[in-house]
Amino acid sequence: MHVPDIQADPEFVSAKALHGFGTPGPEGLQELEAAATAAGSLPEAERLVIEGLLAERRGELDKAVSAFTRVTELAPGDYLGFLLLGQQRMQEQKYVDAQQ
């Protein structure tokens, strides 16, 4: 899994999710929700990244941590799950958890 380029493929679901996550306000949330809806056929790790981003955006922090943790288990060689999980733990001020 890599950070996708939405301009290269505007239908790339992961790119839409990351773009929506970074876009403030209801417009970004709508884009992220649309990406989550379209993610059903994606590999589990990729789908869980999107679900975790949506959960984080909605303030469902336990659900986000659970999704990102599972991503690290499914794709231990991929940085994205670890990055997102670490960032979430840092925001929660769980610094020891963030280091692991």
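Axes here are lines fitted to C-alpha atoms, for helices over the stretch in contact, and angles run from 0 to 180 degrees between N-to-C directions. The model is predicted, so local features need pLDDT of at least 70 and side-chain atom pairs count only at pLDDT 80 or more, while totals for chains, interfaces and linings use all residues. Residues are numbered from 1 along each chain as its sequence is written, and side-chain values use heavy atoms, with hydrogens and water left out.

**View 1. The protein chain holds six helices and zero strands.** Helices (H or I, at least four residues) and strands (E, at least two) are DSSP runs, numbered from the N terminus. Of the 100 residues in the protein chain, 37% count as buried, where buried means under 20% relative accessible area, exposed over 50% and partly exposed in between, with a 1.4 Å probe and protein chains only.

**View 2. Helix 1 packs with helix 2 at an angle of about 155 degrees, their axes lying 7 Å apart.** The two helices are therefore roughly antiparallel to each other, a term for angles over 145 degrees, whereas those under 35 count as roughly parallel, 65 to 115 as roughly perpendicular and the rest as oblique. The contact (heavy atoms within 4.5 Å) involves Val 13, Lys 16, Ala 17, His 19, Gly 20 and Phe 21 of helix 1, together with Gly 28, Leu 29, Glu 31, Leu 32, Ala 35 and Ala 38 of helix 2.

**View 3. Val 13, Ser 14, Ala 15, Ala 17 and Gly 20 are the buried residues of helix 1.** These buried residues pack against helix 2 and helix 3. Val 13 touches Ala 35, Ala 38, Ala 39, Leu 42 and Ile 50, not counting residues up to four places away in sequence.

**View 4. In the largest nonpolar core, which has 20 residues, those touching the most other members are Val 13, Ala 17, Val 49, Ile 50, Leu 53, Phe 68 and Leu 84.** At least two residues of this core come from each of helix 1 (13-22), helix 2 (25-38), helix 3 (44-58), helix 4 (61-74) and helix 5 (79-91), and helix 3 gives the most, with six residues. A nonpolar core is a set of buried Ala, Val, Leu, Ile, Met, Phe, Trp, Tyr and Cys residues joined through side-chain atoms within 4.5 Å.

**View 5. Helix 4 and helix 5 pack with their axes 8 Å apart, at an angle of about 150 degrees.** That angle makes helix 4 roughly antiparallel to helix 5.
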